[in-house]
Amino acid sequence: SMLGAKARAVSSTGVNGIAGTETMFQTVTFTASAGRRYRVLLDYQLVYTDASYFVLRGRWAAGGSVTSSGTQFYYRFVSAGTPGNWEGSRAVIAEVTGLPAGSVTLGFSLIRSTGSGTVDARADASDQRRMYIDDIGV
């Protein structure tokens with residue numbers, strides 16, 4: 001069966017100081033099949049310097065990498081509950097369709113939309129960021 005887990009990425013390295021340039025902070029590459037639907041799960045934590053707003057995007061591209069020009073499949077505004085404090089874990093559950101057959105990279109990025117602060121996408125050896133891709137059918 002094609003259903004089930006396709007790929008995962010575990011990161012123990014933070015991506016810090018994200019500001020006004022769209023920055024990928026988590027990606028995973030896998031072999032997609034045309035005509036399938038995929039569920040994407042991202043488990044992450046952010047730390048903000050102030051109450052600036054950021055846009056969280058999910059993007060994909062054929063091949064082994066994805067950038068800010070990749071096709072968007074997810075979009076949300078995010079902001080600090082209490083600036084400077086670590087937030088609790090966040091989770092994104094998204095669905096992506098229309099992928100081509102072959103190697104595809106999915107990723108999540110942040111970019112500041114208002115304000116002047118920065119955000120860190122936290123991760124270290126004991127507090128890892130995780131991303132999973134599951135085939136959920138046609």
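**Fold and aromatic pairs**

In the protein chain, 82% of the contacts with a separation of 6 or more are between residues 24 or more positions apart, where contact means heavy atoms within 4.5 Å. This is a predicted model, in which local features need pLDDT of at least 70, side-chain atom pairs count only at pLDDT 80 or more, and totals for chains, interfaces and linings use all residues. Residues are numbered from 1 along each chain as its sequence is written, and side-chain values use heavy atoms, with hydrogens and water left out.

The protein chain has zero helices and 11 strands; these are DSSP runs, helices being H or I of at least four residues and strands E of at least two, numbered from the N terminus. Of its 138 residues, 42% count as buried, that is, under 20% relative accessible area with a 1.4 Å probe, protein chains only.

I turn now to the aromatic rings. The whole structure contains six aromatic pairs; rings of Phe, Tyr and Trp (its six-membered ring) pair if their centres lie within 6.5 Å, and planes under 30 degrees apart count as stacked, over 60 as edge-to-face and the rest as tilted. In one of them, the ring centres of Phe25 and Tyr44 are 5.9 Å apart with planes at 45 degrees, so the pair is tilted. Phe25 belongs to strand β3 and Tyr44 to strand β4, so the pair ties together parts 19 residues apart in sequence. Phe25 is buried at 4% relative accessibility, and Tyr44 is buried with a relative accessible area of 4%.

Key
Buried < 20%, exposed > 50% of the residue type's maximum accessible area, 1.4 Å probe, protein only.
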